[in-house]
Amino acid sequence: MFIQSHTPFADFTHQTDRHDKSKAPLKDRTVLVCGGDQDDCRQVAESYGFTSVVTTADIITSTPTLWPFTSPQSYTSYARPLPQPIYNPSSTSPTHLTISSVFVFADPRDWALDIQIITDVLLSRGGVVGTTRSRSLARQENPAPLVPLYFSNPDLQWASQYHLPRLGQGGFKAAFMGVWEAIHREIPLEEKTIGKPSRETFEFAEKRLRKHRQKLLGTHKGPALGLRKVYMVGDNPLSDIQGGNDYSSPFGSVWDTILVRTGVYNDSQVPPHKPKVTVDGVWDAVKWALIREGWPTDEIEKLSVDDT
């Protein structure tokens, strides 16, 4: 079972508009998906059940003047036609591209382009791209943009093949929030970030674990069917360890955190959130957990030999 930071977005497909409950569920309305390589995140969103997914590549190739510092030709190989045209004052189309929600699935590759398009969408009238709400109306009628914005990962940094940590999606969010604060500070954002250490992500993971456990055990009855203990292993004290420490399971499971000395772990700093234990690597974390669960040492060593 593999859960990524954006996997909980799969549960958003049946959401209804909080301003207008008569609208179709989110899966049947148009959403803007940002981030990732080429068309990958759109395809993931569609696999979750979203039926009308637009990307910034689609928008810039349809209207190159929207952001003159990017070459639309860079996106033509994977951009798709828009479901409706973007509004402009001379348009004769009866309908225009309307975005219901913005999802940042992964780290955007062109920060400037994505910041500009997300800003345009959030400041539009009802999500109609190409329109704008005046600041006075925004203050008087609705203090927040009508289009909600969702980020999937708050991590400022992550570990890559480079020897120093690199900026992650949390860095993009900070850049976007800085631009918004500088230009539109009087309009509060309707923004939510999932991903570790948010409760939503840990509860989503636990539900998936419970479902997977039930599938493994089949019709088995008794205490073993419940999920008694979960070991949260990670290299980032600010997401992995904080999230595991703070999470209170609605199902009664106990979560223990294990910090590994890999990835973004910094041996020269005291972790701001204390784990149950700190070990060298993932396999060491697995062995520690198995020992805690009463596994015989020879069985654990046998697993280690098999793994090599």
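How many bridges join strand E3 to strand E4? Three bridges do so, linking E3 (residues 101-104) with E4 (residues 149-151). This is a predicted model, in which local features need pLDDT of at least 70 and side-chain atom pairs count only at pLDDT 80 or more, while totals for chains, interfaces and linings use all residues. Residues are numbered from 1 along each chain as its sequence is written, and side-chain values use heavy atoms, with hydrogens and water left out.

**View 1. The E3-E4 pair.** The two strands run parallel. Val104 has Phe151 in E4 as its bridge partner. Strands are DSSP runs of E with at least two residues, and helices are runs of H or I with at least four, numbered from the N terminus; two strands pair if DSSP finds at least two bridges between them.

**View 2. The open sheet.** Five strands with parallel pairing follow the order E2-E1-E3-E4-E7. Strand E2 (52-55) and strand E7 (191-193) are the edge strands, each pairing on one side only.

**View 3. Helix H3 on the sheet.** H3 (residues 111-122) lies across strand E1 (30-34), E3 and E4, and runs at about 155° to E1. Angles run from 0 to 180 degrees between N-to-C directions of axes, which are lines fitted to C-alpha atoms, for helices over the stretch in contact. Contact means heavy atoms within 4.5 Å.

**View 4. The largest nonpolar core.** This core has 30 residues, and Leu32, Val102 and Ile118 have the most contacts inside it. H3 gives the most, with six residues. A nonpolar core is a set of buried (under 20% relative accessible area, 1.4 Å probe, protein chains only) Ala, Val, Leu, Ile, Met, Phe, Trp, Tyr and Cys residues joined through side-chain atoms within 4.5 Å.

Note on methods
Buried means under 20% relative accessible area, exposed over 50%, partly exposed in between (1.4 Å probe, protein chains only).
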